[in-house]
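Welcome, and thanks for taking a look at this one.

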Amino acid sequence: MTQTLKRHTDTVRWLAIAAIGVMAQAVCADAPEMQSIEVFTTSDRPVIGIDHALSEAANVTVYLVDGLERFEAQLSSRLPRHPTQARSEALRRIQQLDTGNMVQARQAAVGLAEAMQYGIDRYPAIVFDGHAVVYGAKDFAEALDRYYAWRRVPAR
């Protein structure tokens, strides 16, 4: 079950990153080129419209900022009540973590640090080129529209 969920999560993350590049390329044809797009969201607030095909037109990173909470919950789920047994079981679980789980946890930690650096205080938030943020857009196309309106560039 965990492997299936991990593969599904990895696939969704890959598709999300891929579609952002495709949409950014299509919508940005006449607009100034973006250097980076960072999507900060949580697993219960997905940003739609970013789940199609991969393009390397934009440097896009998707951060699931609740990833560390989910990681910790997974590690501490159903631990024994006795402290010594719980500690031993937790250590065993940590030693058995695969690279994929560690990469996801590291990505979540980096996302939290980046969100703090930008001063992001709510999700979803999409940061364009490290200086413009669109809050609350659950649709990637809507976030692009808002960004280009702010830049006074026609968005289509």
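A charge sits over a ring if NZ of Lys or CZ of Arg is within 6 Å of the ring centre and within 35 degrees of the ring normal. In this predicted model, Arg122 lies over the face of Tyr135, at 3.9 Å from the ring centre.

## The chain as a whole

Let us begin with the overall layout. The chain has 5 helices and 4 strands, and along the sequence they follow the pattern α-β-β-α-α-α-β-β-α. Of its 156 residues, 40% count as buried. The accessible surface of the chain comes to about 9600 Å², and 54% of that belongs to carbon and sulfur atoms.

How much of the contact set is made by residues 24 or more positions apart? Among contacts in the chain with a separation of 6 or more, such residues account for 63%.

## The sheet

The 4 strands form an open sheet in the order S2-S1-S3-S4, with mixed pairing. S2 and strand S4 (132-135) stand at the edges with a single partner strand each, so one side of each is left without a neighbour in the sheet. From one strand to the next, the twist averages 15°. Helix H4 (residues 99-118) packs on the sheet, where it touches S1, S2 and strand S3 (125-128). The direction of H4 makes about 100° with that of S2.

S1 and S2 pair in the parallel sense over 6 bridges. Here Ser36 stands opposite Asn59 in S2, and the bridge partner of Phe40 in S2 is Tyr63. Between Val62 and Ile50, the C-alpha to C-alpha distance is 9.9 Å, with 12 residues separating them in sequence.

## The hairpin of S3 and S4

S3 and S4 pair in the antiparallel sense over 4 bridges; the bridge partner of Val127 in S4 is Val133. The two strands form a hairpin with 3 residues between them. Asp129, in the turn, has a positive phi of about 55° although it is not a glycine.

Side chains alternate along S4.

## Aromatic pairs

A pair of aromatic rings is described by the distance of the centres and the angle of the planes. The structure holds 5 aromatic pairs. For Phe40 and Tyr63, the ring centres are 5.0 Å apart and the planes are at 25°, so the pair is stacked. This pair links distant parts of the chain, 23 residues apart: Phe40 is in strand S1 (residues 36-41) and Tyr63 in strand S2 (residues 59-64). Phe40 counts as buried at 0% relative accessibility, and Tyr63 counts as buried at 6%.

Which residues do ring pairs link into a cluster? They are Phe128, Tyr147, Tyr148 and Trp150.

## Backbone and loop details

Most residues other than glycine have a negative phi, and most peptide bonds are trans. With that in mind, here are some spots to look at. A cis peptide bond joins Tyr123 and Pro124, with omega about 0°; Pro124 has its place in the loop between H4 and S3.

Arg78 is not a glycine, yet has a positive phi of about 55°. Its place is in the loop between helix H2 (67-76) and H3, and at 81% relative accessibility Arg78 counts as exposed. Arg93, in helix H3 (residues 83-95), counts as buried at 18% relative accessibility, because the cut-off for buried is under 20%. Leaving aside neighbours within four places in sequence, Arg93 is in contact with Gln74, Leu75, Ser76, Ser77, Arg78 and Leu79.

Definitions and conventions:
Residues numbered from 1 in each chain as written. Predicted model: local features only at pLDDT ≥ 70, side-chain atom pairs only at ≥ 80, totals over all residues. Heavy atoms only, no water. Phe/Tyr/Trp six-rings, centres within 6.5 Å; stacked < 30°, edge-to-face > 60°. Buried < 20%, exposed > 50% of the residue type's maximum accessible area, 1.4 Å probe, protein only. Pairing = 2+ DSSP bridges. Axes fitted to C-alpha atoms, helices over the stretch in contact; angles between N-to-C directions. Contact = heavy atoms within 4.5 Å. Areas by Shrake-Rupley, 256 points an atom, 1.4 Å probe, with all protein chains shown as cover.
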